[in-house]
Amino acid sequence: MALKVAIVGLPNVGKSTLFNALTQTAAAQAANYPFCTIEPNVGDVAVPEPRLEALAKVAGSKEIIPARINFVDVAGLVRGASKGEGLGNQFLANIRDCDAVAFVARCFVNDDITHVEGRIDPLADLEIIETELMLADLESLEKRVANLDKRAKTGDKESANTLRLVKLALEELNAGRPARTAKVSEDDEKAWRMLQLLTAKPTLYVCNVDEGAAGTGNEMSNAVAERARRDDAESVVISAQIESEIAMLDAAERAEFLETLGLEEPGLNRMIREAFKLLGLQSYFTCGPKETRAWTIPVGATAPQAAGVIHTDFEKGFIRAETIAFEDYIKFNGEAGARDAGKLRQEGKEYVVQDGDVMNFRFNV
């Protein structure tokens with residue numbers, strides 16, 4: 001399951017610097033002027049997962065294959081983007097194609113880096129971005145109402161249902177609230193996603209702070225975190241500049257650098273984990289002499305659905321799943337030890353996979 005997250009913000013807030021750190025490349029030009037990123041840069045990166053190394057050591061695996069996550073570095077939005085200002089229409093389309101949005105808020109002061117609004121106020125920046133996305137959603141939905149209404153009056157049930165959801169979204173947007181605040185039933189979730197609303201996407205606020213605040217944050221990042229709690233969103237504190245430096249170090253140098261900063265891990269690790277949480281995702285593992293691999297599934301996925309991530313035939317012909325909890329796999333030194341200890345379970349079609357399960361599927365096609 002590919003996870004695609006748009007990195008969004010005003011110009012010069014650190015988006016491209018963050019993207020460079022994520023991809024450990026200089027693919028995105030980080031320059032001190034608006035719109036240095038014109039075409040969206042897309043980076044495919046590994047999801048940090050310390051459990052993989054522990055599993056691979058026990059299994060004697062030759063290769064470790066982590067889950068992957070895609071980040072899209074979208075060029076800076078400006079006031080008026082919903083009306084096409086600053087190449088806004090193109091950028092909004094890039095965001096629409098993503099599963100979640102990471103709003104980068106500038107929570108540092110640096111007189112050498114200009115701000116397109118002429119001031120440093122992360123809450124005001126976030127307000128501009130969300131307003132532009134809401135205006136874009138309003139315009140998109142209002143264009144659809146007349147046609148949907150016409151088709152609904154002919155008895156088209158699908159159009160009638162879509163019109164109901166469009167009106168639900170418009171009610172929130174016209175009240176000045178993003179579409180994600182709407183109460184949508186489980187039965188309507190698929191149709192709701194089909195509306196492709198920018199403000200319905202799960203949202204993560206990334207507070208870009210200076211080096212001194214990388215571990216604890218500052219007053220500005222605290223204000224953003226409070227806003228995130230009110231908005232039913234998540235927030236994380238990162239120093240994009242530090243992350244870009246960490247990304248270029250080898251493992252030993254990285255550990256030493258983090259220690260000098262008083263950090264247990266790179267901020268990017270926290271950011272990626274929060275992205276997973278946003279979309280309700282988790283990992284299960286397969287282990288063997290050839291490879292240890294992480295597979296990404298939604299929380300609540302059943303064993304056959306998890307098997308289908310590997311291959312559709314596994315789901316179609318599912319018989320059972322031999323399952324060991326991660327802790328038991330490590331404690332009893334692998335599959336054989338876990339079986340002898342009675343910790344290898346035979347799970348059927350109704351089993352809901354738990355995060356960290358080590359699984360082997362039996363199937364027949």
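Predicted model: local features only at pLDDT ≥ 70, side-chain atom pairs only at ≥ 80, totals over all residues.

Me: How many helices and strands in the chain?
Reply: The chain has 14 helices and 12 strands.

Me: And what percentage of residues count as buried?
Reply: Of 365 residues, 49% are buried (under 20% relative accessible area, 1.4 Å probe, protein chains only).

Me: Switching topic, at what angle do H1 and H10 pack?
Reply: About 90°, with the axes of H1 (residues 15-23) and H10 11 Å apart. So H1 is roughly perpendicular to H10, a label that covers 65 to 115 degrees.

Me: Which residues meet there, H1 to H10?
Reply: Leu-18, Ala-21 and Leu-22 from H1 meet Leu-268, Met-271 and Ile-272 from H10, contact being heavy atoms within 4.5 Å. By class, that's six nonpolar, no polar and no charged residues.

Me: OK, how much space is in the largest pocket?
Reply: About 1,100 Å³. A pocket here is an open set of points on a 1 Å grid where a 1.4 Å probe fits, with protein on both sides within 12 Å along at least five of seven lines; lining residues have an atom within 4 Å of a point.

Me: Which lining residues are closest to its centre?
Reply: Of the 28, they're Arg-193, Ala-200, Lys-201, Pro-202 and Leu-279. Helix H6 (189-194) gives the largest share of the lining, three residues.

Key. Residues numbered from 1 in each chain as written. Heavy atoms only, no water. Points joined across faces, edges and corners; volume = space filled by probe spheres on them. Helix = DSSP H or I, 4+ residues; strand = E, 2+ residues; numbered from the N terminus. Axes fitted to C-alpha atoms, helices over the stretch in contact; angles between N-to-C directions. Parallel < 35°, antiparallel > 145°, perpendicular 65-115°, else oblique. Nonpolar A, V, L, I, M, F, W, Y, C, P; charged D, E, K, R; others polar. Buried < 20%, exposed > 50% of the residue type's maximum accessible area, 1.4 Å probe, protein only.
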